[in-house]
Amino acid sequence: MIRRPPTIVCYICGREYGTKSISIHEPQCLKKWHNENNLLPKELRRPEPKKPEVRTITAKGFYDLDALNEAAWTSAQSQLVPCNICGRTFLPDRLIVHQRSCKPKAAK
Ligand SMILES: [Zn+2]
Ligand SMILES: [Zn+2]
């Protein structure tokens, strides 16, 4: 069995980071999130993501990383905005790029 070093899912962007780098990444990611959110048109702005509070501790006294990561992942997913044309979900900055090329199917 290969043991991967534990990774933590960022609750803002949904990417995985090592247990050390997550504490460096999170404040930067939140700052970036605010910058991006401020640039978005009003209807695409989102409430600030909340860090999920997961207090599950396994029998061995460790945090239940799976539960934590799942909650973080769900939180990151809620940051996605659905395209009002095709219904696919994107990060808001991606959505703007996407909508330039997303055309409603021409009715015949
Ligand atoms: Zn992040
Ligand atoms: Zn679309």
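Select Cys10 to begin: in this predicted model, Cys10 counts as buried because its relative accessibility is 0%, where buried means under 20% relative accessible area, exposed over 50% and partly exposed in between, with a 1.4 Å probe and protein chains only.

Residues are numbered from 1 along each chain as its sequence is written, while chains are lettered from A and ligands numbered from 1 in the order in which they are written. Local features need pLDDT of at least 70 and side-chain atom pairs count only at pLDDT 80 or more, whereas totals for chains, interfaces and linings use all residues, and side-chain values use heavy atoms, with hydrogens and water left out.

Next, show the zinc ion (ligand 1), which is coordinated by Cys10 (SG), Cys13 (SG), His25 (NE2) and Cys29 (SG) at 2.0 to 2.3 Å; donors are N, O and S atoms within 2.8 Å of the metal (3.2 Å for Na, K and Ca), and because water is not among the atoms, sites may look incomplete. The angles among the 4 donor atoms run from 104 to 116°, and the site is tetrahedral, a label given to four donors if all angles lie between 85 and 135 degrees. Along the sequence, the donor residues of this zinc ion (ligand 1) follow the spacing C-x2-C-x11-H-x3-C.

Colour the pair by accessibility: Cys86 is partly exposed at 36%, and His98 counts as buried at 14%.

Stay with helix H3, residues 92-101, and select its buried residues, Pro92, Leu95 and His98. Looking down the axis of H3, you will find these within an arc of 105°, so they line one face of the helix, the arc being that of the directions from the helix axis to the C-beta atoms. Arg100 and Ser101, on the other side of H3, are exposed. Finally, display strand S3 (81-82) and strand S4 (89-90), which are among what covers the buried residues of H3, contact meaning heavy atoms within 4.5 Å.

Conventions: Helix = DSSP H or I, 4+ residues; strand = E, 2+ residues; numbered from the N terminus. Tetrahedral: all angles 85-135°; square planar, octahedral: opposite > 155°, others 65-115°.
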